[in-house]
Amino acid sequence: MDELTPVMGDGQHVGPRMEFAPLAVLALAGGEPAGGQMVSFFVDDPEGTGTDFHGGSPVRVTTASDGTGTTDVPLIAGEAPGTVEVKVIAEGARISISLHVSGQPDESGGTSPL
């Protein structure tokens, strides 16, 4: 596998304690969808928002036959505002997905309040 591309979830903004929508990537090998590949999603929270996957990071998924890998564990925004990076790593490829926790509850970005 030589390429990962974000296809869903990049750039989300949610309020504190809100759930982000699932994150999804497309894995390619030689320009073709790479099914059956292990993809790991790691939360990098240098601004201390408290954001993490339910049960902790990393979350590992296997790509479908069309090359997509989608998180199946809720990603919950922390209490503090700031930017969070989710590092996505698979054999031979890596990308970052940027997410944002706003300073107040925002019903527009997340899927449900907790």
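This briefing walks through the sheet, the core, a few single residues and the salt bridges of the structure above. It's a predicted model, so keep in mind the ground rules: local features need pLDDT of at least 70, side-chain atom pairs count only at pLDDT 80 or more, and totals for chains, interfaces and linings use all residues. Residues are numbered from 1 along each chain as its sequence is written, and side-chain values use heavy atoms, with hydrogens and water left out.

**The sheet**

- Let's start with the strands (DSSP runs of E, at least two residues, numbered from the N terminus). An open sheet of 5 strands has the order β2-β12-β11-β6-β8, with mixed pairing.
- β2 and β8 are the edge strands, each pairing on one side only. Two strands count as a pair if DSSP finds at least two bridges between them.
- β11 and β12 pair in the antiparallel sense, over 9 bridges. Here valine 88 stands opposite isoleucine 95 in β12.
- β6 (residues 38-44) and β8 also run antiparallel, joined by 4 bridges. Serine 40 has arginine 60 in β8 as its bridge partner.
- Buried means under 20% relative accessible area, exposed means over 50%, and partly exposed is in between (1.4 Å probe, protein chains only).

**The nonpolar core**

- A nonpolar core is a set of buried Ala, Val, Leu, Ile, Met, Phe, Trp, Tyr and Cys residues joined through side-chain atoms within 4.5 Å. The largest one here has 26 residues, and Leu4, Phe41 and Val88 touch the most other members.
- The elements giving two or more residues to this core are β4 (24-29), β6, β8, β11 (82-90) and β12 (93-101). β12 gives the most, with 5 residues.
- Contact means heavy atoms within 4.5 Å. Leaving out residues up to four places away in sequence, valine 88 touches Leu4, Val25, Val39, Ser40, Phe41, Ala93, Arg94, Ile95 and Ile97.

- Valine 101 sits in strand β12 and is buried, at 4% relative accessibility. Not counting residues up to four places away in sequence, its contacts include Val14, Pro16, Phe20, Thr49, Ala77 and Val84.
- Glutamine 12 is in the loop between β1 (3-8) and β2 (13-14), and it's buried too, with a relative accessible area of 10%.
- A polar atom of the glutamine 12 side chain lies 2.9 Å from the backbone oxygen of glycine 9.

**Salt bridges**

- The whole structure has 2 salt bridges, each a side-chain nitrogen of Lys or Arg within 4 Å of a carboxyl oxygen of Asp or Glu.
- Arginine 17 pairs with glutamate 79, with the closest N and O atoms 3.0 Å apart. Arginine 17 lies in the loop between β2 and β3 (19-20) and glutamate 79 in the loop between β10 (75-76) and β11, so this pair ties together parts that are 62 residues apart in sequence.
- Arginine 17 is partly exposed at 38% relative accessible area, while glutamate 79 is exposed at 57%.
- Lysine 87 and aspartate 44 meet in a salt bridge as well (4.0 Å, N to O). Lysine 87 is in strand β11 and aspartate 44 in strand β6, so the pair ties together parts that are 43 residues apart in sequence.
- Lysine 87 is partly exposed at 29% relative accessibility, and aspartate 44 is partly exposed at 31%.

Definitions and conventions: Polar contact = N/O pair within 3.5 Å; in protein donor to acceptor, adjacent residues only side chain to side chain.
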